[in-house]
Amino acid sequence: MHSAPFDGSFAGWREVARRLIQQGVPPHQITWLTDDDSGGLFDHVPAPNNAPAATPPLRIPRQLLELLQSAARFRVEDRWSLLYRILWRVAQGDRAAMLPGDIDGSQLHKRLKAIRREAHHLHAFLRFHPRPENAEGPQLVAWHEPAHDILASASGHFAERLGRTTWLIATPDDGVYWDGQRLHYQRPCPSEWQRLAQAPEDTGEALWLAYYGSTFNPARLNRSALETSMPVRFWKNLPEGPLIPQLMSQARAGAQRDGQAEAVSRQGGKRIRRTSAPQQAVSGSADPDLLR
Amino acid sequence: MQLIEKLTVLADAAKYDASCASSGAPNRSSKGKSGIGSTNGMGICHSFTPDGRCVALLKILLTNFCLYDCQYCVNRRSSDVPRARFTPEEVVTLTLDFYKRNCISGLFLSSGIIRSADYTMEQLVRVAKLLREEHEFRGYIHLKTIPDADPLLIAEAGRYADRLSVNIELPTESSLIRLAPEKQVRTIKQAMHSIHQGESEARAELRAPRFAPAGQSTQMIIGADATDDSTILHTAASLYGNYRLRRVYYSAFSPIPQSPNTVPFEAPPLLREHRLYQADFLLRGYGFEVGELLSGPGNLALDIDPKLAWALNNREHFPVDLNRAEPAMIARVPGIGVLSAKRLVALRRQKRIRFEDLTRLRCALEKAKPFIVTQDYRPLQASRESLLLRQQLSETPAQMALW
């Protein structure tokens, strides 16, 4: 058995993996050890000393490296052995290992899909809170709990979106701060950042909540569609999260008959009197718009 | 009236428009620039409401005062709803605030018809212009186009908006005459034509000013009249053909408060809307013709999806050998989508396709099984009658609605 210790990063893994492939160490003989793991009882330190200088350089399609790098962001016990097995098979000429229909490839693509989805979740469900105008530090802060290590690679999106506005995103593991010009990534996340992001002094959420309640159509209640598209684990960090159960029970309690929001049906209505024939009204001087 | 009260009324008034797409815009970025907003072609759904619909844009009306009396519409002039009107500045404030909070990717602005079609259109354009020019907003903007508005106003709207839309509302002219007396098919189509022309001109010249780069869409209300799915799909297909629409949205008629007697009191089954979307998808993405999905007048089946229905009616094309068939034919197999078809074609360059490969590609095997042949599998049901297969494959009947 070979223990392969490395620093836990993709670059570190790549170096070690390259050496092991050149030495011809097959996947089932390797235990990957990152800095946080302690070694197994019977591990022995690998012997990189006899690396044969004559081995031909490793030829791997560039696209595979990109796929592996992306899949390495997937959090799973033992995330590295699948990557090595695929690298091994492709190095042996078995390119099917990269394809979604393959036994290993399907695992790889499942992880890639989860990573893409989780990056998309970051872009979609993260919520920034504006900070008071005179406060020092970032203008916007957000707390997010991603299921995979996607913050570093996916947070550049917000720099494109928010221009020179400064912002900070903190997660339980890492954090990123945009100072208007550059991204600063930190792992582990500084506790000061976590404090800022978790306790925003934001009082301006009422408008968004009013919109959310009003744009919902209670006559079309569809809980399962909601939960597939917006997984429940995100609700607790969304300002609209606490509203969801409330709106659902209101809809069930009778509002399913028509689509109007309860907040609107409570108010008195106003019919518009037609002052002239319709043709003239369209082009003419009828002025219902004066009523504000 | 407070801003929050206006928002409550005008979001409620706008929700019957199904579209919330924020996709199709060109790459725009604010990195290192003043102003905010970016688009990259992919839409983002920032939230979902308990009806399962996505919230990608701030979807509101500028005002729900309206001179028209369209029977299916909650904002018709004879409707007894609270009325409100935003100022353009208020819409701008809301858009920018929600955008910074990452609650939305842009604005979808529509309006009741006030004073005149031109005046209303001018107001909509003004909001878009304020956002783009004064606030350097680069997010997504979708503007509703008022059918009778001056083509020059439509051209101006196209310069600021990513998407324009004119609602066809009802699938036939006779329904429109009966239910929306102030609207005319002719002017609706004229507006679609103006937008289509704007798009073509912008495409033809490299340096031409941009024009609604995410194209135009429309919406049809389903179940407010007696029109069948065949007519609806033929109308949709002709709109796709004539005006290069990106999307036709189907919105199941949602009963409205104080509904007039001219429209039904009951909503059509939501499943009907779903089947129409599936059929629409087959028209746009799979090369199906309307005539293949529905050979005569009538509705799509509710118990099975339209692709399965087609396969059951055309058993002579099946079973399909996945190791030999054309990619387009593989995509016509029920339970196998365009993406899986592509993946199968890539995989069969490396090896012979076996049944377990389909499991890994996560095809809907129960549906696909009777229609495919692989290296190690032939369907037992290949000879089974379509009627029996249909019973076996139809989705379990839904419980009757309580209301």
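In which strand is the place of A142(A)? The residue lies in β4 of chain A, a strand that covers residues 140-143. The legends below describe close-up views of a predicted model.

Figure 1. Leaving aside residues up to four places away in sequence, A142(A) touches L126(A), R127(A), F128(A), H129(A), I169(A) and A197(A). One of these, A197(A), is 55 residues away along the chain, yet its C-alpha atom is separated from that of A142(A) by 5.2 Å.

**Figure 2. Two faces and two partners of strand β4(A).** L140(A) and A142(A) point one way from the strand, while V141(A) and W143(A) point the other way. All of these residues are buried. Strand β3(A), residues 129-130, runs antiparallel to β4(A) and is joined to it by two bridges. Here H129(A) stands opposite V141(A). With strand β5(A), residues 167-170, the pairing of β4(A) is parallel and extends over four bridges. V141(A) has L168(A) as its bridge partner in β5(A).

**Figure 3. Chain A as the setting of these strands.** Twelve helices and seven strands are found in chain A. Of its 292 residues, 37% are buried. Among the contacts in chain A with a separation of 6 or more, 65% are between residues 24 or more positions apart.

**Figure 4. The side of chain A that touches chain B.** The contact takes 72 residues from chain A and 70 residues from chain B. On the side of chain A, the elements giving two or more residues are α4 (103-125), α6 (156-162), α8 (206-215), α9 (223-229), α10 (243-252), α11 (262-265) and α12 (278-283). Helix α8(A) gives the largest share, eight residues. By residue class, this side of chain A divides into 37 nonpolar, 19 polar and 16 charged residues.

**Figure 5. An open parallel sheet in chain B.** Six strands of chain B form this sheet, in the order β3-β4-β5-β6-β7-β8. β3(B), residues 58-61, and β8(B), residues 247-252, stand at the edges; each has a single partner strand, so one side of each is left without a neighbour in the sheet. On average, neighbouring strands are turned by 20° against each other, direction ignored. Within it, T218(B) stands opposite V248(B).

**Figure 6. L10(B) in the largest nonpolar core.** This core has 191 residues. L10(B), A128(B) and A157(B) are the residues with the most contacts inside it. Apart from residues up to four places away in sequence, L10(B) touches I60(B), L61(B), N64(B), A84(B) and F86(B). In soluble globular proteins, nonpolar side chains tend to be buried together.

**Figure 7. The two domains of chain B.** Domain 1 covers residues 3-216 and domain 2 covers residues 306-393. Taken over C-alpha atoms, the centres of the two domains are separated by 42 Å.

Terms used. Residues are numbered from 1 along each chain as its sequence is written. Chains are lettered from A and ligands numbered from 1 in the order in which they are written. This is a predicted model: local features need pLDDT of at least 70, side-chain atom pairs count only at pLDDT 80 or more; totals for chains, interfaces and linings use all residues. A nonpolar core is a set of buried Ala, Val, Leu, Ile, Met, Phe, Trp, Tyr and Cys residues joined through C-beta atoms within 7 Å. A residue is buried if 20 or more other C-beta atoms lie within 10 Å of its own, exposed if 12 or fewer, and partly exposed in between; C-beta atoms are placed from the backbone. Two residues are in contact if their C-beta atoms, placed from the backbone, lie within 7 Å. Two strands pair if DSSP finds at least two bridges between them. Axes are lines fitted to C-alpha atoms, for helices over the stretch in contact, and angles run from 0 to 180 degrees between N-to-C directions. Domain bounds come from an automatic or database domain assignment. Ala, Val, Leu, Ile, Met, Phe, Trp, Tyr, Cys and Pro count as nonpolar, Asp, Glu, Lys and Arg as charged, and the others, Gly among them, as polar.
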